Amino acid sequence: MFEDLIYVLTKYDSWLWQGFLLTIQLLAVSVVFGSILAIPLAIARVSKLVWVQAVPFAFIYVFRGTPLIAQLFMMYYGCGQLISNIDGIQDHWTWTYLRDPYWYCLLTFVLNTAAYMAEIMRGGIQNVPNGEIEAARACGMTPFTTYRRIIFPRMWQIIWPAYTNDVIFTLKATSLASTVTMMELTGAARKIVARTALPYEAFISAGVIYLIIVYFLTFGFKGIEKYLRRNERREGQKSGPAKAGGTV
Amino acid sequence: MFDLYGRGWQMLEGGLVTVQLCLTVLPFMILFGLLGASAKLSRYKALRIIGESYTVLIRGIPELLVILLIYFGGTIAVQKIAELIGGEEVRVDIPAFWSGVAALALVQGAFASEVFRAAMQAIPIGQIEAATACGMTPPQIFIRIKLPQLWRFALPGLNNLFQVLIKDTALISVVGVEEILRKAAVGAGTEKAPFTFYLVAMLMFLAFTTVSLFVFNRLEKRASRGIARA
(Lines give C-alpha, C1' and ligand atoms only; values in the text may rest on other atoms or scores of the structure.)
Protein backbone atom coordinates (compact mmCIF):
# COMPACT_ATOMS: atom_id res chain seq x y z
CA MET A 1 0.00 0.00 0.00
CA PHE A 2 2.68 2.50 1.02
CA GLU A 3 5.00 1.28 -1.74
CA ASP A 4 2.32 2.38 -4.20
CA LEU A 5 2.04 5.79 -2.59
CA ILE A 6 5.80 6.30 -2.65
CA TYR A 7 5.85 5.08 -6.24
CA VAL A 8 3.23 7.65 -7.26
CA LEU A 9 4.92 10.46 -5.32
CA THR A 10 8.41 9.79 -6.69
CA LYS A 11 7.59 8.84 -10.26
CA TYR A 12 4.92 11.47 -10.92
CA ASP A 13 6.06 14.25 -8.61
CA SER A 14 6.72 16.58 -11.55
CA TRP A 15 3.10 16.18 -12.76
CA LEU A 16 1.76 16.99 -9.32
CA TRP A 17 4.13 19.95 -9.00
CA GLN A 18 3.11 21.34 -12.41
CA GLY A 19 -0.52 20.75 -11.46
CA PHE A 20 -0.01 22.58 -8.20
CA LEU A 21 1.53 25.58 -9.99
CA LEU A 22 -1.32 25.73 -12.51
CA THR A 23 -3.93 25.49 -9.75
CA ILE A 24 -2.31 28.37 -7.87
CA GLN A 25 -2.11 30.38 -11.07
CA LEU A 26 -5.78 29.81 -11.92
CA LEU A 27 -6.75 30.67 -8.35
CA ALA A 28 -4.71 33.86 -8.19
CA VAL A 29 -5.92 35.22 -11.53
CA SER A 30 -9.56 34.32 -10.79
CA VAL A 31 -9.52 35.94 -7.37
CA VAL A 32 -7.68 39.10 -8.41
CA PHE A 33 -9.61 39.81 -11.60
CA GLY A 34 -12.86 38.47 -10.13
CA SER A 35 -12.57 40.92 -7.24
CA ILE A 36 -11.75 43.83 -9.54
CA LEU A 37 -14.78 43.05 -11.68
CA ALA A 38 -16.96 42.51 -8.61
CA ILE A 39 -16.46 46.05 -7.27
CA PRO A 40 -18.36 47.93 -10.04
CA LEU A 41 -20.98 45.16 -10.05
CA ALA A 42 -21.54 45.56 -6.32
CA ILE A 43 -21.72 49.35 -6.58
CA ALA A 44 -24.28 49.09 -9.39
CA ARG A 45 -26.17 46.51 -7.37
CA VAL A 46 -26.75 48.95 -4.47
CA SER A 47 -27.85 51.72 -6.82
CA LYS A 48 -31.26 53.24 -6.20
CA LEU A 49 -32.03 53.22 -9.92
CA VAL A 50 -33.85 50.05 -10.90
CA TRP A 51 -32.35 49.77 -14.37
CA VAL A 52 -28.80 50.17 -13.04
CA GLN A 53 -29.51 47.43 -10.50
CA ALA A 54 -31.04 45.11 -13.07
CA VAL A 55 -27.85 44.45 -15.06
CA PRO A 56 -25.68 43.14 -12.19
CA PHE A 57 -28.73 41.38 -10.74
CA ALA A 58 -29.25 39.37 -13.94
CA PHE A 59 -25.52 38.64 -14.21
CA ILE A 60 -25.29 37.45 -10.60
CA TYR A 61 -28.54 35.49 -10.86
CA VAL A 62 -27.41 33.53 -13.92
CA PHE A 63 -23.89 32.84 -12.68
CA ARG A 64 -25.01 31.80 -9.21
CA GLY A 65 -28.02 29.84 -10.42
CA THR A 66 -26.24 27.51 -12.84
CA PRO A 67 -23.45 24.98 -12.24
CA LEU A 68 -19.94 26.23 -12.91
CA ILE A 69 -19.20 23.14 -14.99
CA ALA A 70 -22.13 24.00 -17.28
CA GLN A 71 -20.79 27.55 -17.63
CA LEU A 72 -17.36 26.18 -18.45
CA PHE A 73 -18.72 23.83 -21.13
CA MET A 74 -20.86 26.64 -22.50
CA MET A 75 -17.83 28.87 -22.75
CA TYR A 76 -15.31 26.34 -24.05
CA TYR A 77 -17.45 24.20 -26.36
CA GLY A 78 -20.36 26.57 -27.06
CA CYS A 79 -18.62 29.92 -27.53
CA GLY A 80 -15.51 28.13 -28.76
CA GLN A 81 -17.50 26.67 -31.61
CA LEU A 82 -19.10 30.01 -32.50
CA ILE A 83 -15.62 31.52 -32.67
CA SER A 84 -14.21 28.69 -34.79
CA ASN A 85 -17.06 29.20 -37.27
CA ILE A 86 -15.83 32.69 -38.09
CA ASP A 87 -14.34 32.71 -41.59
CA GLY A 88 -10.56 32.53 -41.72
CA ILE A 89 -10.13 32.66 -37.95
CA GLN A 90 -8.08 29.47 -37.99
CA ASP A 91 -5.37 31.19 -40.04
CA HIS A 92 -5.38 34.27 -37.86
CA TRP A 93 -2.57 34.76 -35.36
CA THR A 94 -5.03 34.85 -32.44
CA TRP A 95 -6.11 31.26 -33.17
CA THR A 96 -3.39 29.75 -30.96
CA TYR A 97 -5.01 31.56 -28.03
CA LEU A 98 -8.60 31.08 -29.14
CA ARG A 99 -8.38 27.31 -29.15
CA ASP A 100 -6.47 27.05 -25.87
CA PRO A 101 -8.76 25.86 -23.03
CA TYR A 102 -6.66 27.92 -20.59
CA TRP A 103 -8.25 31.24 -21.58
CA TYR A 104 -11.77 29.85 -21.55
CA CYS A 105 -11.18 28.46 -18.06
CA LEU A 106 -9.80 31.74 -16.81
CA LEU A 107 -12.64 33.77 -18.31
CA THR A 108 -15.28 31.45 -16.82
CA PHE A 109 -13.65 31.41 -13.39
CA VAL A 110 -13.21 35.19 -13.34
CA LEU A 111 -16.85 35.83 -14.27
CA ASN A 112 -18.11 33.22 -11.82
CA THR A 113 -15.94 34.48 -8.97
CA ALA A 114 -17.00 38.05 -9.75
CA ALA A 115 -20.67 37.09 -9.45
CA TYR A 116 -20.22 35.47 -6.04
CA MET A 117 -17.96 38.21 -4.73
CA ALA A 118 -20.23 40.99 -5.99
CA GLU A 119 -23.03 39.51 -3.90
CA ILE A 120 -20.79 39.41 -0.82
CA MET A 121 -19.62 42.98 -1.42
CA ARG A 122 -23.20 44.17 -1.86
CA GLY A 123 -23.93 42.82 1.62
CA GLY A 124 -20.81 44.53 2.93
CA ILE A 125 -21.62 47.91 1.41
CA GLN A 126 -25.17 47.80 2.72
CA ASN A 127 -23.91 46.98 6.21
CA VAL A 128 -21.68 50.03 6.49
CA PRO A 129 -23.27 52.07 9.30
CA ASN A 130 -25.39 54.84 7.82
CA GLY A 131 -24.05 57.41 10.24
CA GLU A 132 -20.54 57.07 8.85
CA ILE A 133 -21.74 57.75 5.31
CA GLU A 134 -23.80 60.72 6.47
CA ALA A 135 -20.79 62.04 8.40
CA ALA A 136 -18.63 61.71 5.29
CA ARG A 137 -21.19 63.66 3.29
CA ALA A 138 -21.39 66.29 6.02
CA CYS A 139 -17.61 66.68 5.78
CA GLY A 140 -18.11 67.50 2.12
CA MET A 141 -16.69 64.31 0.62
CA THR A 142 -17.69 63.51 -2.94
CA PRO A 143 -19.33 60.12 -3.55
CA PHE A 144 -16.04 58.86 -4.97
CA THR A 145 -14.05 59.98 -1.93
CA THR A 146 -16.71 58.52 0.36
CA TYR A 147 -16.33 55.17 -1.32
CA ARG A 148 -12.55 55.31 -1.25
CA ARG A 149 -12.07 56.52 2.30
CA ILE A 150 -15.12 55.31 4.20
CA ILE A 151 -17.16 52.62 2.48
CA PHE A 152 -14.44 50.40 0.99
CA PRO A 153 -12.21 50.09 4.07
CA ARG A 154 -15.34 49.35 6.11
CA MET A 155 -16.66 46.90 3.52
CA TRP A 156 -13.44 44.86 3.50
CA GLN A 157 -13.57 44.58 7.27
CA ILE A 158 -17.15 43.37 7.15
CA ILE A 159 -16.84 40.91 4.30
CA TRP A 160 -13.41 39.45 5.04
CA PRO A 161 -14.53 36.13 6.63
CA ALA A 162 -17.04 35.53 3.81
CA TYR A 163 -14.44 36.61 1.27
CA THR A 164 -11.95 34.08 2.66
CA ASN A 165 -14.59 31.38 2.30
CA ASP A 166 -15.18 32.40 -1.26
CA VAL A 167 -11.49 32.21 -2.12
CA ILE A 168 -11.46 28.63 -0.83
CA PHE A 169 -14.53 27.87 -2.97
CA THR A 170 -12.71 29.30 -5.97
CA LEU A 171 -9.75 27.05 -5.22
CA LYS A 172 -12.07 24.06 -5.27
CA ALA A 173 -13.72 25.35 -8.43
CA THR A 174 -10.40 25.36 -10.29
CA SER A 175 -10.51 21.55 -10.15
CA LEU A 176 -13.19 21.75 -12.88
CA ALA A 177 -10.54 22.88 -15.35
CA SER A 178 -9.56 19.20 -15.51
CA THR A 179 -12.83 18.49 -17.37
CA VAL A 180 -11.62 20.56 -20.32
CA THR A 181 -8.25 18.79 -20.48
CA MET A 182 -6.32 21.23 -18.29
CA MET A 183 -3.57 19.58 -16.24
CA GLU A 184 -4.05 21.30 -12.92
CA LEU A 185 -3.90 19.34 -9.68
CA THR A 186 -7.05 17.27 -10.26
CA GLY A 187 -6.16 16.83 -13.92
CA ALA A 188 -2.70 15.58 -12.97
CA ALA A 189 -4.21 13.11 -10.49
CA ARG A 190 -6.65 11.85 -13.13
CA LYS A 191 -3.80 11.34 -15.55
CA ILE A 192 -1.81 9.43 -12.94
CA VAL A 193 -4.82 7.20 -12.29
CA ALA A 194 -5.21 6.56 -16.01
CA ARG A 195 -1.52 5.60 -16.18
CA THR A 196 -1.15 3.56 -12.99
CA ALA A 197 -4.68 2.46 -11.99
CA LEU A 198 -3.95 3.58 -8.42
CA PRO A 199 -6.93 5.84 -7.64
CA TYR A 200 -6.44 6.06 -3.86
CA GLU A 201 -2.81 7.03 -3.98
CA ALA A 202 -3.20 9.63 -6.72
CA PHE A 203 -6.47 11.25 -5.60
CA ILE A 204 -5.53 11.29 -1.92
CA SER A 205 -2.15 12.86 -2.73
CA ALA A 206 -3.95 15.58 -4.68
CA GLY A 207 -6.47 15.98 -1.85
CA VAL A 208 -3.71 16.44 0.71
CA ILE A 209 -2.10 19.12 -1.47
CA TYR A 210 -5.45 20.93 -1.66
CA LEU A 211 -5.75 20.74 2.13
CA ILE A 212 -2.28 22.22 2.52
CA ILE A 213 -3.19 25.10 0.18
CA VAL A 214 -6.39 25.71 2.17
CA TYR A 215 -4.40 25.69 5.41
CA PHE A 216 -2.00 28.34 4.16
CA LEU A 217 -4.80 30.42 2.64
CA THR A 218 -6.74 30.40 5.91
CA PHE A 219 -3.60 31.28 7.83
CA GLY A 220 -2.65 34.14 5.49
CA PHE A 221 -6.15 35.57 5.33
CA LYS A 222 -6.40 35.52 9.14
CA GLY A 223 -3.27 37.65 9.18
CA ILE A 224 -4.77 40.13 6.72
CA GLU A 225 -7.95 40.23 8.79
CA LYS A 226 -5.89 41.38 11.75
CA TYR A 227 -4.42 44.13 9.59
CA LEU A 228 -7.87 45.20 8.34
CA ARG A 229 -9.18 45.37 11.88
CA ARG A 230 -6.14 47.23 13.23
CA ASN A 231 -8.28 50.16 14.37
CA GLU A 232 -10.32 47.91 16.63
CA ARG A 233 -7.20 46.33 18.06
CA ARG A 234 -5.79 49.70 19.07
CA GLU A 235 -9.00 50.60 20.88
CA GLY A 236 -8.95 47.23 22.58
CA GLN A 237 -5.43 47.80 23.87
CA LYS A 238 -6.33 51.17 25.30
CA SER A 239 -8.98 49.73 27.56
CA GLY A 240 -7.20 46.41 28.01
CA PRO A 241 -5.68 45.35 31.32
CA ALA A 242 -2.06 45.47 30.07
CA LYS A 243 -2.22 49.19 29.23
CA ALA A 244 -4.31 50.08 32.27
CA GLY A 245 -1.55 49.02 34.61
CA GLY A 246 0.99 51.14 32.76
CA THR A 247 -0.91 54.43 32.75
CA VAL A 248 -1.75 54.56 36.43
CA MET B 1 -41.55 22.68 -26.82
CA PHE B 2 -39.12 22.95 -29.72
CA ASP B 3 -37.55 19.61 -30.42
CA LEU B 4 -33.80 20.33 -30.27
CA TYR B 5 -32.83 18.16 -33.24
CA GLY B 6 -35.25 15.55 -31.91
CA ARG B 7 -33.46 15.46 -28.56
CA GLY B 8 -35.90 17.49 -26.48
CA TRP B 9 -37.14 14.35 -24.74
CA GLN B 10 -33.59 13.29 -23.97
CA MET B 11 -32.99 16.59 -22.20
CA LEU B 12 -36.20 16.18 -20.20
CA GLU B 13 -35.12 12.68 -19.20
CA GLY B 14 -31.83 14.17 -18.06
CA GLY B 15 -33.80 16.69 -16.03
CA LEU B 16 -35.66 13.82 -14.39
CA VAL B 17 -32.36 12.15 -13.44
CA THR B 18 -31.11 15.42 -11.95
CA VAL B 19 -34.26 15.66 -9.83
CA GLN B 20 -33.84 12.03 -8.79
CA LEU B 21 -30.24 12.69 -7.80
CA CYS B 22 -31.18 15.71 -5.69
CA LEU B 23 -34.03 13.94 -3.93
CA THR B 24 -31.95 10.81 -3.28
CA VAL B 25 -29.06 12.79 -1.82
CA LEU B 26 -31.29 14.98 0.36
CA PRO B 27 -32.19 12.41 3.11
CA PHE B 28 -28.59 11.15 3.30
CA MET B 29 -27.31 14.71 3.46
CA ILE B 30 -29.65 15.43 6.37
CA LEU B 31 -28.66 12.18 8.09
CA PHE B 32 -24.92 12.85 7.74
CA GLY B 33 -25.50 16.44 8.82
CA LEU B 34 -27.35 15.43 11.97
CA LEU B 35 -24.76 12.77 12.82
CA GLY B 36 -21.92 15.23 12.21
CA ALA B 37 -23.58 17.94 14.30
CA SER B 38 -24.27 15.51 17.15
CA ALA B 39 -20.65 14.37 17.04
CA LYS B 40 -19.40 17.98 17.18
CA LEU B 41 -21.60 18.74 20.18
CA SER B 42 -20.84 15.44 21.88
CA ARG B 43 -19.54 15.11 25.43
CA TYR B 44 -16.76 12.83 24.21
CA LYS B 45 -13.64 14.42 22.84
CA ALA B 46 -12.98 11.61 20.35
CA LEU B 47 -16.37 12.15 18.71
CA ARG B 48 -15.85 15.92 18.61
CA ILE B 49 -12.49 15.45 16.87
CA ILE B 50 -14.08 13.10 14.31
CA GLY B 51 -16.91 15.55 13.65
CA GLU B 52 -14.59 18.53 13.28
CA SER B 53 -12.10 16.77 11.03
CA TYR B 54 -14.95 15.54 8.80
CA THR B 55 -15.88 19.17 8.05
CA VAL B 56 -12.28 20.37 7.75
CA LEU B 57 -11.37 17.60 5.31
CA ILE B 58 -14.42 17.98 3.09
CA ARG B 59 -14.26 21.79 3.17
CA GLY B 60 -10.75 21.74 1.72
CA ILE B 61 -11.10 19.07 -0.97
CA PRO B 62 -12.84 19.81 -4.29
CA GLU B 63 -16.17 18.03 -4.80
CA LEU B 64 -14.95 16.71 -8.13
CA LEU B 65 -12.02 14.97 -6.44
CA VAL B 66 -14.36 13.32 -3.91
CA ILE B 67 -16.63 12.14 -6.72
CA LEU B 68 -13.70 10.69 -8.67
CA LEU B 69 -12.21 9.08 -5.57
CA ILE B 70 -15.45 7.34 -4.67
CA TYR B 71 -16.21 6.32 -8.24
CA PHE B 72 -12.78 4.84 -9.01
CA GLY B 73 -11.76 3.93 -5.48
CA GLY B 74 -15.15 2.61 -4.37
CA THR B 75 -15.16 -0.12 -6.99
CA ILE B 76 -11.77 -1.38 -5.83
CA ALA B 77 -12.77 -1.24 -2.17
CA VAL B 78 -16.01 -3.17 -2.72
CA GLN B 79 -14.16 -5.68 -4.88
CA LYS B 80 -11.52 -6.25 -2.18
CA ILE B 81 -14.18 -6.70 0.48
CA ALA B 82 -16.13 -9.10 -1.73
CA GLU B 83 -12.96 -11.11 -2.33
CA LEU B 84 -12.26 -11.26 1.40
CA ILE B 85 -15.74 -12.60 2.06
CA GLY B 86 -16.15 -14.80 -0.98
CA GLY B 87 -12.52 -15.89 -1.19
CA GLU B 88 -12.50 -15.73 -4.98
CA GLU B 89 -12.01 -13.04 -7.56
CA VAL B 90 -15.21 -11.23 -8.37
CA ARG B 91 -16.09 -8.39 -10.66
CA VAL B 92 -18.15 -5.72 -8.94
CA ASP B 93 -19.31 -2.49 -10.47
CA ILE B 94 -20.84 0.26 -8.38
CA PRO B 95 -23.36 2.08 -10.55
CA ALA B 96 -22.16 5.61 -11.27
CA PHE B 97 -25.48 6.95 -9.97
CA TRP B 98 -24.93 5.54 -6.50
CA SER B 99 -21.27 6.45 -6.24
CA GLY B 100 -22.32 9.98 -7.19
CA VAL B 101 -25.04 9.97 -4.54
CA ALA B 102 -22.54 8.75 -1.94
CA ALA B 103 -20.01 11.44 -2.86
CA LEU B 104 -22.54 14.28 -2.83
CA ALA B 105 -24.13 13.09 0.42
CA LEU B 106 -20.69 12.99 2.03
CA VAL B 107 -19.80 16.48 0.80
CA GLN B 108 -23.13 18.18 1.51
CA GLY B 109 -23.42 16.34 4.83
CA ALA B 110 -20.26 18.07 6.04
CA PHE B 111 -21.75 21.48 5.29
CA ALA B 112 -25.14 20.43 6.68
CA SER B 113 -23.46 19.43 9.96
CA GLU B 114 -22.35 23.05 10.37
CA VAL B 115 -25.91 24.24 9.70
CA PHE B 116 -27.40 21.79 12.19
CA ARG B 117 -24.77 22.54 14.80
CA ALA B 118 -25.64 26.21 14.69
CA ALA B 119 -29.35 25.35 14.76
CA MET B 120 -28.95 23.06 17.78
CA GLN B 121 -27.04 25.75 19.64
CA ALA B 122 -29.81 28.22 18.87
CA ILE B 123 -32.31 26.24 20.94
CA PRO B 124 -32.63 27.92 24.36
CA ILE B 125 -30.99 25.83 27.07
CA GLY B 126 -33.91 26.52 29.42
CA GLN B 127 -36.24 24.45 27.27
CA ILE B 128 -33.92 21.47 27.48
CA GLU B 129 -33.57 21.86 31.23
CA ALA B 130 -37.34 22.09 31.51
CA ALA B 131 -37.74 18.93 29.47
CA THR B 132 -35.18 17.13 31.65
CA ALA B 133 -37.02 18.34 34.73
CA CYS B 134 -40.23 16.86 33.31
CA GLY B 135 -38.43 13.52 33.21
CA MET B 136 -37.93 13.18 29.44
CA THR B 137 -35.16 10.91 28.24
CA PRO B 138 -32.54 12.34 25.82
CA PRO B 139 -34.18 10.67 22.76
CA GLN B 140 -37.54 12.11 23.81
CA ILE B 141 -36.01 15.55 24.22
CA PHE B 142 -34.49 15.25 20.76
CA ILE B 143 -37.77 14.27 19.08
CA ARG B 144 -40.17 16.47 21.04
CA ILE B 145 -38.15 19.59 21.74
CA LYS B 146 -35.09 19.83 19.51
CA LEU B 147 -36.22 18.43 16.16
CA PRO B 148 -39.32 20.63 15.63
CA GLN B 149 -37.27 23.78 16.30
CA LEU B 150 -34.18 22.56 14.50
CA TRP B 151 -36.25 22.62 11.34
CA ARG B 152 -36.96 26.31 11.70
CA PHE B 153 -33.42 27.36 12.59
CA ALA B 154 -31.82 25.16 9.92
CA LEU B 155 -34.09 26.03 6.98
CA PRO B 156 -32.22 29.11 5.70
CA GLY B 157 -28.96 27.15 5.74
CA LEU B 158 -30.57 24.13 4.08
CA ASN B 159 -32.03 26.41 1.42
CA ASN B 160 -28.51 27.45 0.53
CA LEU B 161 -27.19 23.89 0.64
CA PHE B 162 -29.94 22.59 -1.63
CA GLN B 163 -29.04 25.25 -4.20
CA VAL B 164 -25.43 24.08 -4.05
CA LEU B 165 -26.59 20.46 -4.28
CA ILE B 166 -28.58 21.09 -7.47
CA LYS B 167 -25.53 22.68 -9.04
CA ASP B 168 -23.19 19.96 -7.79
CA THR B 169 -25.22 17.19 -9.42
CA ALA B 170 -23.84 18.48 -12.71
CA LEU B 171 -20.40 17.27 -11.59
CA ILE B 172 -21.61 13.67 -11.64
CA SER B 173 -21.84 13.91 -15.41
CA VAL B 174 -18.06 13.49 -15.31
CA VAL B 175 -18.45 9.83 -14.30
CA GLY B 176 -21.15 9.26 -16.91
CA VAL B 177 -24.48 9.61 -15.13
CA GLU B 178 -27.06 10.59 -17.72
CA GLU B 179 -28.24 13.81 -16.11
CA ILE B 180 -28.86 17.16 -17.80
CA LEU B 181 -25.27 18.10 -18.54
CA ARG B 182 -24.34 14.63 -19.79
CA LYS B 183 -27.36 14.59 -22.13
CA ALA B 184 -26.40 18.06 -23.32
CA ALA B 185 -22.82 16.95 -23.95
CA VAL B 186 -24.01 13.95 -25.97
CA GLY B 187 -26.40 16.13 -27.94
CA ALA B 188 -23.75 18.78 -28.48
CA GLY B 189 -21.33 16.18 -29.78
CA THR B 190 -23.64 14.34 -32.19
CA GLU B 191 -25.57 17.34 -33.52
CA LYS B 192 -22.53 19.64 -33.65
CA ALA B 193 -24.49 22.33 -31.81
CA PRO B 194 -22.81 22.81 -28.42
CA PHE B 195 -24.05 26.37 -27.93
CA THR B 196 -27.72 25.39 -28.24
CA PHE B 197 -27.47 22.33 -26.03
CA TYR B 198 -25.47 23.94 -23.24
CA LEU B 199 -27.77 26.94 -23.32
CA VAL B 200 -30.77 24.64 -22.81
CA ALA B 201 -28.89 22.83 -20.01
CA MET B 202 -28.12 26.12 -18.26
CA LEU B 203 -31.71 27.28 -18.56
CA MET B 204 -32.91 23.99 -17.08
CA PHE B 205 -30.56 24.34 -14.12
CA LEU B 206 -31.64 27.95 -13.69
CA ALA B 207 -35.27 26.80 -13.63
CA PHE B 208 -34.48 24.17 -10.98
CA THR B 209 -32.60 26.55 -8.69
CA THR B 210 -35.37 29.15 -9.08
CA VAL B 211 -38.07 26.62 -8.15
CA SER B 212 -36.00 25.40 -5.20
CA LEU B 213 -35.54 28.97 -3.96
CA PHE B 214 -39.27 29.60 -4.23
CA VAL B 215 -40.24 26.39 -2.40
CA PHE B 216 -37.75 26.96 0.41
CA ASN B 217 -38.91 30.54 0.88
CA ARG B 218 -42.46 29.26 1.28
CA LEU B 219 -41.26 26.61 3.75
CA GLU B 220 -39.34 29.23 5.73
CA LYS B 221 -42.45 31.39 5.98
CA ARG B 222 -44.46 28.37 7.07
CA ALA B 223 -41.89 27.18 9.61
CA SER B 224 -41.80 30.56 11.32
CA ARG B 225 -45.54 31.22 11.16
CA GLY B 226 -45.83 31.15 14.96
CA ILE B 227 -42.87 33.50 15.36
CA ALA B 228 -43.47 36.18 12.75
CA ARG B 229 -46.29 37.73 14.73
CA ALA B 230 -44.27 38.17 17.89
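1. **A loop residue in chain A.** A:T181 sits in the loop between α8 (143-173) and α9 of chain A. Helices here are DSSP runs of H or I with at least four residues, strands are runs of E with at least two, and both are numbered from the N terminus. The phi of A:T181 is near 70 degrees, a positive value in a residue other than glycine. Most residues other than glycine have a negative phi. A:T181 is exposed, because 11 other C-beta atoms lie within 10 Å. The cut-offs are these: buried means 20 or more other C-beta atoms within 10 Å of the residue's own, exposed means 12 or fewer, and partly exposed lies in between, with C-beta atoms placed from the backbone.

2. **What kind of model this is.** Residues are numbered from 1 along each chain as its sequence is written, while chains are lettered from A and ligands numbered from 1 in the order in which they are written. The model is predicted: local features need pLDDT of at least 70, side-chain atom pairs count only at pLDDT 80 or more, and totals for chains, interfaces and linings use all residues. pLDDT is the predictor's confidence in each residue, from 0 to 100.

3. B:K192 is in the loop between α7 and α8 of chain B. B:K192 is not a glycine, yet its phi is positive, about 55 degrees. B:K192 counts as exposed because it has 10 other C-beta atoms within 10 Å.

4. **Confidence in chain A.** Chain A has a mean pLDDT of 89, and 93% of its residues reach 70 or more. Residues 239-248 of chain A need care. There pLDDT stays under 50, and the model has 2 contacts beyond four places in sequence for them. A contact means that two C-beta atoms, placed from the backbone, lie within 7 Å.

5. **Overall build of chain A.** Chain A has 12 helices and 0 strands. Its C-alpha trace spans about 70 × 55 × 30 Å along the principal axes. The radius of gyration is 23 Å, whereas a compact globule of 248 residues would have one near 18 Å. That radius is taken over C-alpha atoms, and the globule rule is 2.2 Å times the number of residues to the power 0.38. Of the 248 residues in chain A, 33% are buried. Among contacts in chain A with a separation of 6 or more, 76% join residues 24 or more positions apart.

6. **Overall build of chain B.** Chain B has 8 helices and 0 strands. Its C-alpha atoms fill a box of roughly 70 × 60 × 30 Å along the principal axes. Buried residues are 36% of its 230 residues. Of the contacts in chain B with a separation of 6 or more, 75% come from residues 24 or more positions apart.

7. **Annotations.** UniProt (unreviewed entry) places "domain: ABC transmembrane type-1" at residues 20-221 of chain A. UniProt positions use the numbering given here, feature names are shortened, and annotations may be inferred rather than shown by experiment. Residues 20-221 of chain A are 81% helix and 0% strand, with end C-alpha atoms 20 Å apart. In chain B, the UniProt annotation "domain: ABC transmembrane type-1" (unreviewed entry) covers residues 15-216. That span is 83% helix and 0% strand. UniProt also places "transmembrane region" features (unreviewed entry) in chain B, including 153-175 and 195-216. Residues 153-175 of chain B are 70% helix, with ends 35 Å apart by C-alpha atoms. Residues 195-216 of chain B are 100% helix, and their end C-alpha atoms are 31 Å apart.

8. **Helix α10 of chain A.** How far should α10 (residues 199-228) of chain A span? At 1.5 Å a residue, its 30 residues should span 44 Å, and the end C-alpha atoms are 42 Å apart, which agrees. The expected span is 1.5 Å times one less than the number of residues. Buried residues of α10(A) include A:F203 and A:Y210. Their cover includes α2 (13-45) of chain A and α3 (63-86) of chain B.

9. **The contact between chains.** Chain B gives 28 residues to the contact and chain A gives 27 residues. On the side of chain B that touches chain A, α3, α7 (180-191) and α8 (194-223) each supply at least two residues. α8(B) gives the most, with 10 residues. By class, this side of chain B has 22 nonpolar, 4 polar and 2 charged residues. Ala, Val, Leu, Ile, Met, Phe, Trp, Tyr, Cys and Pro count as nonpolar, Asp, Glu, Lys and Arg as charged, and the others, Gly among them, as polar.
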